[in-house]
Amino acid sequence: MTDLTYAKAISTTIAQAMRADPDVFVLGEDVSAGGPFTTTAGLVEEFGAGRVIDTPISEAAICGVAVGAAQSGLRPVLEIMYVDFITLALDQLVNQAAKAHFMSGGQLSVPMVLRTQGGAGQRAGAQHSQSLEAWLTHVPGLTVVMPSGAADAAGLLASAIASPGPVVVVENKVLYFRREPVPDPVEPIPLGRAAVRRAGRDVTVVALSRMVGEALTAAEELATEGVEVEVIDPRTLVPLDLDTIVGSVRRTNRLVVAHEAVLHGGFGAEVAAAVQHAAFDDLDAPVERVGAPFQPIPLSPPLEDAYLPGAAGIRDAVLATLGRVPTSTL
Amino acid sequence: MDRVGTYRQMVRIREFEERVKRSFAEHPGVIRGHTHLADGAEASIVGSIAALRPGDQVMATYRCHGYPIALGSDPGALMAEIYGRTTGICGGYGGSMHLADPAHGFLGTSGIVGQSIPQATGAAYAAQVRSAGSAARTGDVVLCFFGDGASKQGAFHESLNIASLWKLPIVYVMENNSYSVSVRVEQEDANAAAGEPLATKAKAYSMPGVTIDGGDADVVHATLAEAVARARAGEGPTLVESLVYRLSAHGNSIAPPGVPLHYPEHEAVTVFGDVAEYEAAKRGDPVPRYRGALVTGGVLDAAAADAIVAGAVAEMQGAVDFALASPDPDPAAALRFVHA
């Protein structure tokens, strides 16, 4: 194990994949300089500009180039610098990458990885802070991954690069410089398997990405009040490890789903619907959801801080499932 | 170029498209959804593909029946795909707009206008990488076909910029048929409105741009041979504006249930009332035109030409028979191929 930041875990994993497979290459805006968060730092020095390609600011074309190159046998690792910019590449992702295997009756496959990052908290404003993963989970054919820490960022990315189909990895900008031990060499973590981050008997909290840490903070605080929270990190939204979530809910009988994206139409609604269907009789309280209000993200620090969901909201939601605070506070 | 072989391929595509069109009347209900025919573009398609060699690849648009025929795909499997049968080239998952046959170099299509252009550009990048890594695969080229309407998409402009910048081995073949469904090119293209060719767009990306008579297979082949040679040599992309006239309407009618689908008349007539334009286009039909050139040139005699037509008629009858006799897919197979 080596102590790495989340960002360094990503560049380390890409480098390991590029050493192992000459078909793996990186493309995106400013990738040879490392990008704004150093996630591709050092790659061009080792692999050269032929395999670490600075592209024009043309998200539609570079995503399409990745799709076409993948269909022709290469393994592109494409970076879309901010998930907010994915709007420009959505046709290539939604109508092309996600459907080529299906429409061709299995003749074509698109083994590409689209790495991007989202999340607020850096005073980046309404067009550089969003959490848009729910859009992606609505598209059959895409695998959607959201790592919450450095070790998962490495292991899930390794699996994504090895995947035979298109995988979108949504990283989080606030997590990039947090450190944790990462296996050396990086070991693939299977896609579609949740991680139980904390065991607890009273309430299950399913949290995505940055909210995993927030859920753990809330859980420690609640433990001092005698409430034991189980924190589950799905890690992969598509495919979703519903078995682990439902298994936990059958024991705790209470569920909170927490993500940073706006609640309205968020992935938490999908988890809540799936769990109530699978475990209706096991639920002792309505499923609570924690997320952002249905509004764009403001820039000014006091406004953004007021907007951003976190541990306090998760704590309230857990207590709501226990009947200790009214749900209307959410 | 094998000019007789070129004529044969043109006739095969024409007869295939005629059989698709006739299917709406002869076998009502067999084709559902959208079809878009390539009749009128045969010289452009076949002349272009004749410039390729094994290992080269093609991407195209939803008006895509002609390319795989010219590349060697089985017309029976193509017709069965258009009929939605399990023996279709894509098992019935794709249909008329989404033919693909990578084994014959046909990487597929996009039903979204212009969006196969970036993918073809990516395939050209892969070809460039293969060239660098293997003496056996040096110089593979990609042909990217699209219409004049697609040149108004951002994906077109972004892709041409990248291809020129990276000197990718690709030739962009814009089949300008003067219509985006029912809108004439002068109504939606700044070059056309200014009386300039659409190939002018190549200048913005510092690549050669040429405008040619896409109804003349020899001209198309000569132009593409030069552009393909340039791409193979690592000198980068070319934009070829190939002027064609689609002889059918944009696509079949999309009628409410109970009304048989059919092909309406061409938009020149139905929208613009310009019968003279359409009649002139019919007189310039590239298939009889090429036959005439070969017969008067002594390359082919009339009997041999008739035999080629008879061969294509029999072959496409076989394709229709095969498709009609093929079973529908098992509904249980609907969920296959979502993930690789």
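What radius of gyration does chain B have, and what would a compact globule with 340 residues have? Chain B has 20 Å, which agrees with the value near 20 Å for such a globule. The radius of gyration is taken over C-alpha atoms, and the globule rule is 2.2 Å times the number of residues to the power 0.38.

Before going on, please keep in mind that this is a predicted model, where local features need pLDDT of at least 70 and side-chain atom pairs count only at pLDDT 80 or more, while totals for chains, interfaces and linings use all residues. Residues are numbered from 1 along each chain as its sequence is written, with chains lettered from A and ligands numbered from 1 in the order in which they are written.

**The two chains**

Chain B has 14 helices and eight strands, and chain A has twelve helices and 14 strands. Here helices (H or I, at least four residues) and strands (E, at least two) are DSSP runs, numbered from the N terminus. The C-alpha trace of chain B spans about 50 × 50 × 45 Å along its principal axes; for chain A, the C-alpha atoms fill a box of roughly 60 × 45 × 40 Å. Chain A, with 330 residues, has a radius of gyration of 20 Å, in agreement with the value near 20 Å for a compact globule.

Buried residues make up 54% of chain B and 58% of chain A. A residue is buried if 20 or more other C-beta atoms lie within 10 Å of its own, exposed if 12 or fewer, and partly exposed in between, with C-beta atoms placed from the backbone. Two residues are in contact if their C-beta atoms, again placed from the backbone, lie within 7 Å. Among contacts in chain A between residues at least 6 apart in sequence, 78% join residues at least 24 apart. In chain B, residues 24 or more positions apart account for 73% of the contacts with a separation of 6 or more.

**Where the chains meet**

The contact takes 31 residues from chain B and 32 residues from chain A. On the chain B side, β2 (106–110), α5 (116–133) and α6 (154–165) each supply at least two residues. The largest share, nine residues, comes from α5(B). By class, this side of chain B has 17 nonpolar, 13 polar and one charged residues. Ala, Val, Leu, Ile, Met, Phe, Trp, Tyr, Cys and Pro count as nonpolar, Asp, Glu, Lys and Arg as charged, and the others, Gly among them, as polar.

One helix pair bridges the chains: residues of α3(A), including A:A60, A:G64 and A:Q71, meet residues of α5(B), including B:P118, B:T121 and B:Y125. Their contact has eleven nonpolar, six polar and no charged residues.

Two packed helices are described by the angle between their axes and the distance between the axes. Axes are lines fitted to C-alpha atoms, for helices over the stretch in contact, and angles run from 0 to 180 degrees between N-to-C directions.

| Helix pair | Axes come within | Crossing angle |
|---|---|---|
| α3(A) and α5(B) | 6 Å | roughly 55° |
| α2(B) and α10(B) | 8 Å | roughly 35° |
| α1(B) and α14(B) | 9 Å | roughly 40° |

The crossing is right-handed for α3(A) and α5(B), for α2(B) and α10(B), and for α1(B) and α14(B). A crossing is left-handed if the near helix is turned anticlockwise from the far one by less than a right angle, and right-handed if clockwise.

Within chain B, B:A43, B:S44, B:V46, B:G47 and B:S48 in α2(B) meet B:A217, B:V220, B:H221 and B:L224 in α10(B). That contact has five nonpolar, four polar and no charged residues. In the pairing of α1(B) with α14(B), the residues that meet include B:Y7, B:R8 and B:F16 from α1(B) and B:I308, B:E315 and B:M316 from α14(B). These contact residues divide into ten nonpolar, no polar and five charged.

**A covered helix and a buried asparagine**

Helix α4 (residues 75–82) of chain B is mostly covered, with eight of its eight residues buried. The buried residues of α4(B) pack against α1 (3–26), α3 (66–71) and α14 (302–325) of chain B. After α4(B) comes B:G84, whose phi is positive, near 75°.

In chain A, A:N172 lies in strand β7 (residues 167–172). Not counting residues up to four places away in sequence, A:N172 touches A:Q117, A:G118, A:G119, A:S209 and A:R210. The C-alpha atoms of A:N172 and A:V257, 85 residues apart along the chain, are separated by 18 Å.
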